[in-house]
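Here is a friendly walk through the model you have open. Take a look at the chains first, then follow the notes below.

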Amino acid sequence: MTRFLRRQGWVAGLLALLIFLFVVTKLIQPGYGSGDFGSLARAVLPYAFAVAAQTVVVIAGGIDLSVAAMMALTSVTAASMMNGASEEYAFFVVPFVLTMGLVLGALNGFLIVVTRVPDIVVTLATLFVLQGAALLVLDAPGGGAAEWLKATVVGTMPIPNVPDNIDAWVPKALVLLVVCLFVIWIPLRRSRLGPSIYAIGSDELAAFRSGVPVARTRIVAYALSGLFAALGGLSLTISTGIGAPIPGPYLLASVAAVVLGGVALGGGKGGLLGPIIAVFVLRLVRTDLTLLAIDPNVTAIIEGAIMVAVVMFGAFITIRGRPAGATP
Amino acid sequence: MSSSATMSQPVSFGRRLKRFMADRPLIPLIILLVILVVILQALRPGIVNERWIANTAKFAIPLAILAGCQTMTMLTGGIDLSVGTVATMSAFIMATQIVNQDPAVAFVLAMLPAVLIGFVNGIGVGVFRVHPLIMTLGTSLIGTGFLQVYQRTVIASGARIPDFLNWLGTGLTYGFPNALFLFVPVAVLIVFTLNRTGFGRLLYAVGDNERAARLSGVRYWQVITSLYVISSLLAGITGLLYIGLIKAPSLSLAEPLVLPSVAAAVIGGTSIFGGRGGYTGTIVGALILTVLTTLLTILHMPEGGRRILFGFIVLFVTAAYLRIIEDR
């Protein structure tokens, strides 16, 4: 019960921080309105999926270094398949790319289970492999995206019986994010699988002795991570209209947001809500820095420093939580 | 399984081969290198001559030094992914500062960020206990940001490759590449440090059993901090050598060397989990990868395919070493 309260407390604190940042943003830029919120939601979209991918695996007690490379591969695959193809063809591309993410993610988990090499090494190796595969698909940024897909993240969601000025604050990108996360996450939490993922992250041996199929659960966790990463890759292609084979800074961002979101890097704790709010916080900090007319490259430095500081803080908390002298 | 038990009964050939590989990793590695050279000669008769050997050595040396950084950090169970950025930074700063500055001042300026990044890495890993992979990835992101800001300030002054670095990078003395003048002392120093000094023993001790090392009075954070500073310094020096070889300062100069440097150390028999390995194997590993790259270039394998191959090599070799260790 206390753990539950503490977790919710953490999420509530993050939410307060987010609201505070919105107030700061409004103070810096009095004209900050619904349109800017829409572009924030669009910018958050790929990051949020990357974080969701990382969260599932971290809760299961692992780490996935191949998140960013997976996004790059799925993004270029989608972009090159949709390039010059008909609008209807995209109906085939989307499920294809998502399945690809799911299968490649499952392969990650399978390799970890079969080779018994630690997750960090296996996903480092698959990071190389996926990056190479992305370069094989497209060796330079290019490709295209179907118009109707692009339309799913631009503009606002028309809701009947709601005045326009409120409606303007519901960007389609945010709706897409919430729907995708809910459709995958809620049934997962409700099924046997959800508690199993938490169980193997908390104590693998105890989970095994309580009858949790550890190997299968681990593979499923990585498969889900792959699926989320594929959603992230798709959203990248959709929002930019092209695919880029060189992955963005999504790996570090995902780890930082997971830590900031209250998910312990040791596994077994936390939820999806915290990391998602954390992504909004990190993105909004960037928006504020941009609004303050700071050089974008300096912004990148500050952002990187914040992420490193967050990860360091998270690691520090983890040591404090352990009995003195214990090995990590 | 103790050795006396296996001595008394006949041992299967496969098992003997495994033990042999584990005890003398250098011999199979050299055999592999020779096989690769023979394949190369068979594909392009006459390619293997004095000039080719000198050329191969020239390209293998920067890789071997960076792989030395990986070897030393891997011995403690870490990894240093910031070497690419550090090498690029020092090379870029050297090439731009030499225009207006005294060479000695330019050298100090070029080494400064290397020391700083190494120090931050060391503090993050040693004191805050962040996973080295995440930590070094973060600092390399920040470093790249700084480099982009810096680039803007020196666009007007232009860049120049100092004659000395030109000589060091591409020159030949009696058919031997001048880079050997730098590499031989560095290699001897690394091997000597690892095998004959207290610091080297501490690295093995920390990597093999951190808790035991701590309990026997090793100051963990001091060892780790000095290790990452040394690793960064070596990476910085490699950057200077590499700019003399490539002769085109860019913001992604040494990035392509990062993955191969990890692969070279892993192939060379250094365990990514720490406590096992050495630098001589790494040097052969770097040679193998350089010859392999030539081979793949001749076979028209694109960059993406090469990365996929390197990823699989890392995974396969790690899994194989894990099996060998488990068997003992």
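This is a predicted model: local features need pLDDT of at least 70, side-chain atom pairs count only at pLDDT 80 or more; totals for chains, interfaces and linings use all residues.

**Loop residues with positive phi**

- Arg116(A) has a positive phi of about 60°, although it is not a glycine.
- You can find Arg116(A) in the loop that runs between helix H4 (90–115) and helix H5 (119–137) of chain A.
- His300(B) is another residue other than glycine with a positive phi, here near 60°.
- The place of His300(B) is the loop between H14 and H15 of chain B.
- Is His300(B) buried or exposed? His300(B) is exposed, because it has 7 other C-beta atoms within 10 Å and the limit for exposed residues is 12 or fewer.

**Chain A as a whole**

- Chain A contains 14 helices and zero strands, so its order from the N terminus on is simply α-α-α-α-α-α-α-α-α-α-α-α-α-α.
- How does the radius of gyration of chain A agree with that of a compact globule, and what is its value? A compact globule with 328 residues would have a radius near 20 Å, and chain A, at 20 Å, agrees with that.
- The C-alpha trace of chain A spans about 55 × 45 × 45 Å along its principal axes.
- Of the 328 residues in chain A, 50% count as buried.
- Taking the contacts in chain A between residues at least 6 apart in sequence, 79% join residues that are at least 24 apart.

- Helix H3 (residues 67–82) of chain A has 16 residues and reaches 22 Å from its first C-alpha to its last, close to the 22 Å expected at 1.5 Å a residue.
- H3(A) is largely enclosed by the rest of the structure, because 16 of its 16 residues are buried.
- Just after H3(A) comes Gly84(A), with a positive phi of about 75°.
- Helix H12 (residues 250–260) of chain A is also largely enclosed by the rest of the structure, because eleven of its eleven residues are buried.
- The buried residues of H12(A) include Tyr250(A), Leu252(A), Ser254(A), Val258(A) and Leu260(A).

**Where the two chains touch**

- In the contact between the chains, 34 residues of chain B meet 38 residues of chain A.
- On the chain B side, the elements that give two or more residues are helix H7 (132–154), helix H11 (210–215) and helix H15 (303–327).
- Which element gives the most to the side of chain B that touches chain A? That is H15(B), with 14 residues.
- By class, the chain B side divides into 19 nonpolar, nine polar and six charged residues.

**Helix H8 against helix H12 in chain B**

- The axes of helix H8 (residues 163–170) and helix H12 (residues 220–246) of chain B come within 7 Å and cross at roughly 80°.
- This angle makes H8(B) roughly perpendicular to H12(B), because angles of 65 to 115 degrees count as such.
- From H8(B), the contact is made by Leu165(B), Asn166(B), Leu168(B), Gly169(B) and Thr170(B), while H12(B) brings Leu240(B), Leu241(B), Ile243(B), Gly244(B) and Leu245(B).
- The residues of this contact divide into six nonpolar, four polar and no charged.

**Helix H9 of chain B and its surroundings**

- The axes of H9(B) and helix H14 (residues 279–298) of chain B come within 9 Å and cross at roughly 145°.
- Ala187(B), Ile190(B), Val191(B) and Leu194(B) of H9(B) make the contact with Tyr279(B), Thr280(B) and Ile283(B) of H14(B).
- That contact has six nonpolar, one polar and no charged residues.
- Thr193(B) lies in helix H9 (residues 179–196) and is partly exposed, because 17 other C-beta atoms lie within 10 Å, a count between the limits of 12 and 20.
- Leaving aside neighbours within four places in sequence, Thr193(B) is in contact with Phe199(B) and Gly200(B).
- Thr193(B) and Leu203(B) are ten residues apart in sequence and 10.0 Å apart in space, C-alpha to C-alpha.

Terms used. Residues are numbered from 1 along each chain as its sequence is written. Chains are lettered from A and ligands numbered from 1 in the order in which they are written. Helices (H or I, at least four residues) and strands (E, at least two) are DSSP runs, numbered from the N terminus. Two residues are in contact if their C-beta atoms, placed from the backbone, lie within 7 Å. Ala, Val, Leu, Ile, Met, Phe, Trp, Tyr, Cys and Pro count as nonpolar, Asp, Glu, Lys and Arg as charged, and the others, Gly among them, as polar. The radius of gyration is taken over C-alpha atoms; the globule rule is 2.2 Å times the number of residues to the power 0.38. The expected span of a helix is 1.5 Å times one less than its number of residues. Axes are lines fitted to C-alpha atoms, for helices over the stretch in contact, and angles run from 0 to 180 degrees between N-to-C directions. Angles under 35 degrees count as roughly parallel, over 145 as roughly antiparallel, 65 to 115 as roughly perpendicular and the rest as oblique.
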